[in-house]
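Subject: Structure handover

Hello,

Here is the structure you asked about. Please open it alongside this note; my findings follow below.

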Amino acid sequence: RRSGGRRWVTVVCVVVVLVLVDLAVGAVLTWTGMIWPADRGDVYLLEHEQPGGPRPVAWQDEPWAEDLMASLIDYQSEEYHFEPYVQQVGYEFHSRYLNTTATERVSAQVPAPPGVDPVRVAFFGGSVVFGIGQRDAHTIPSAFARIAADAGVPVEVHNFGYPRLVAWQELLLFERRLAAGDEFDLVVFLDGFNEVYVQGEATSHDPTHHAAGALSDLIADFRSERATTPGALDGLGELAESYRRASGTWRIIDRVQGRRAALPGEDAARGTPDEQLDAALDVYARAADRIESLARRHEVPVRLFWQPQQAGWPAEVLGRLPAGITDLSHVFDGREQELYFDPVHTNEEGARLLAGAIWESVGAQVAAAAD
């Protein structure tokens with residue numbers, strides 16, 4: 001009996017040691033980034049490429065590119081600040097090339113002459129306005145400030161762009177800035193790509209945004225797991241799920257088998273390309289109308305622009321843009337290969353060209369505001 005007891009103790013000890021080793025291996029795999037859990041951590045890096053590897057032509061000679069992209073990944077993954085209606089807002093962040101306050105990305109400011117009040121220009125948009133691909137001093141708003149200064153017009157620019165936003169969310173942010181007492185002499189909106197892209201996630205004529213389906217599923221899951229009476233074996237199931245995520249052995253098995261966890265919102269209904277386009281232009285037109293209505297009520301001049309993309313826009317899209325939208329889709333014609341590093345984001349030269357095109361359209365208006 002004593003011998004049998006010792007064997008059981010040995011078995012238990014071996015199992016405990018193996019479990020601890022397995023968990024330790026999982027921790028090392030996480031720490032080194034070699035193999036992350038199939039249902040956590042790797043999703044973001046799959047959607048936003050890790051720095052390193054062959055550089056796109058647009059960045060071939062930029063020594064700062066990898067550092068900037070590492071900061072962009074950190075900024076978008078380190079913290080998440082959920083905001084009702086808007087979905088997500090930024091937070092204060094500091095790095096060598098990317099810096100933000102709680103409300104906007106830092107922009108280059110050209111000092112106005114003594115005694116001269118600069119024209120306050122606000123920019124709203126998604127990641128193109130925010131500046132995926134550009135350092136703080138070379139985003140579209142920063143380039144706009146320099147172009148205006150070269151034209152003898154002192155401006156103070158504010159970059160309220162944020163990755164993944166669509167015009168309907170920007171409308172809400174614009175309203176919040178006005179409610180907070182911010183005053184602007186001109187407000188610029190630059191949109192297009194995200195309006196159509198989100199319809200590929202879940203086609204809808206209702207206002208929608210990136211991750212809408214995922215958030216809906218997560219809320220439903222939270223209610224199912226936290227706001228309902230638990231079953232007798234629910235706890236064991238949650239324990240097993242947590243162990244699998246932390247286990248080094250299971251991670252290696254998942255990697256070998258190519259297991260991929262389903263993402264929330266993946267079962268959302270997607271229409272045909274024509275249905276997606278109809279919904280995108282419908283929602284965008286309504287958002288643009290409300291932006292202009294809000295601006296009129298507050299007596300703030302506003303200009304709306306349609307952005308270019310690497311593949312270009314079909315004529316049927318450009319022909320259906322709402323009245324009053326300035327089309328900038330032609331700005332990069334013939335230079336796509338040297339400016340873009342993905343379907344919509346450009347290097348700093350691309351940002352400068354877009355800022356120049358916006359200035360050509362609003363420069364006289366800004367100069368008049370300075371008088």
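Glycine 324 sits in the loop that links α12 (315–318) to β9 (325–327). Helices (H or I, at least four residues) and strands (E, at least two) are DSSP runs, numbered from the N terminus. Glycine 324 is exposed, at 55% relative accessible area. Exposed means over 50%, buried under 20%, and partly exposed in between (1.4 Å probe, protein chains only). The C-alpha atom of glycine 324 is 9.2 Å from that of alanine 288, and 36 residues separate the two along the chain.

A word on the source. This is a predicted model, where local features need pLDDT of at least 70 and side-chain atom pairs count only at pLDDT 80 or more, while totals for chains, interfaces and linings use all residues. Residues are numbered from 1 along each chain as its sequence is written, and side-chain values use heavy atoms, with hydrogens and water left out.

Next, the cores. A nonpolar core is a set of buried Ala, Val, Leu, Ile, Met, Phe, Trp, Tyr and Cys residues joined through side-chain atoms within 4.5 Å. The largest one has 49 residues. Phe124, Phe174, Val187, Phe189, Leu304 and Trp306 touch the most other members. Elements giving two or more residues to this core include α3 (65–78), β5 (119–125) and α6 (167–179). α11 gives the most, with nine residues. Apart from this core lies another, of 32 residues, among them Ala145, Val153, Leu186 and Leu328.

Phenylalanine 124 is worth a look. Leaving out residues up to four places away in sequence, its contacts (heavy atoms within 4.5 Å) include Val129, Phe160, Leu173, Phe174, Val187 and Phe189.

Now α5 (residues 140–150). Its buried residues are Ile140, Pro141, Ser142, Ala143, Phe144, Ala145 and Ala148. They pack against β5, α4 (127–130), β6 (155–159), β7 and α14 (348–370). Glycine 152 follows α5 and has a positive phi, near 85°.

Last, a helix pair. How do α7 (residues 193–201) and α11 (residues 273–297) pack? Their angle is about 130°, and their axes are 9 Å apart. Axes are lines fitted to C-alpha atoms, for helices over the stretch in contact, and angles run from 0 to 180 degrees between N-to-C directions. α7 and α11 are therefore oblique to each other: angles under 35 degrees count as roughly parallel, over 145 as roughly antiparallel, 65 to 115 as roughly perpendicular and the rest as oblique. The α7 side of the contact is Glu195, Val196, Gln199 and Gly200.

Best wishes
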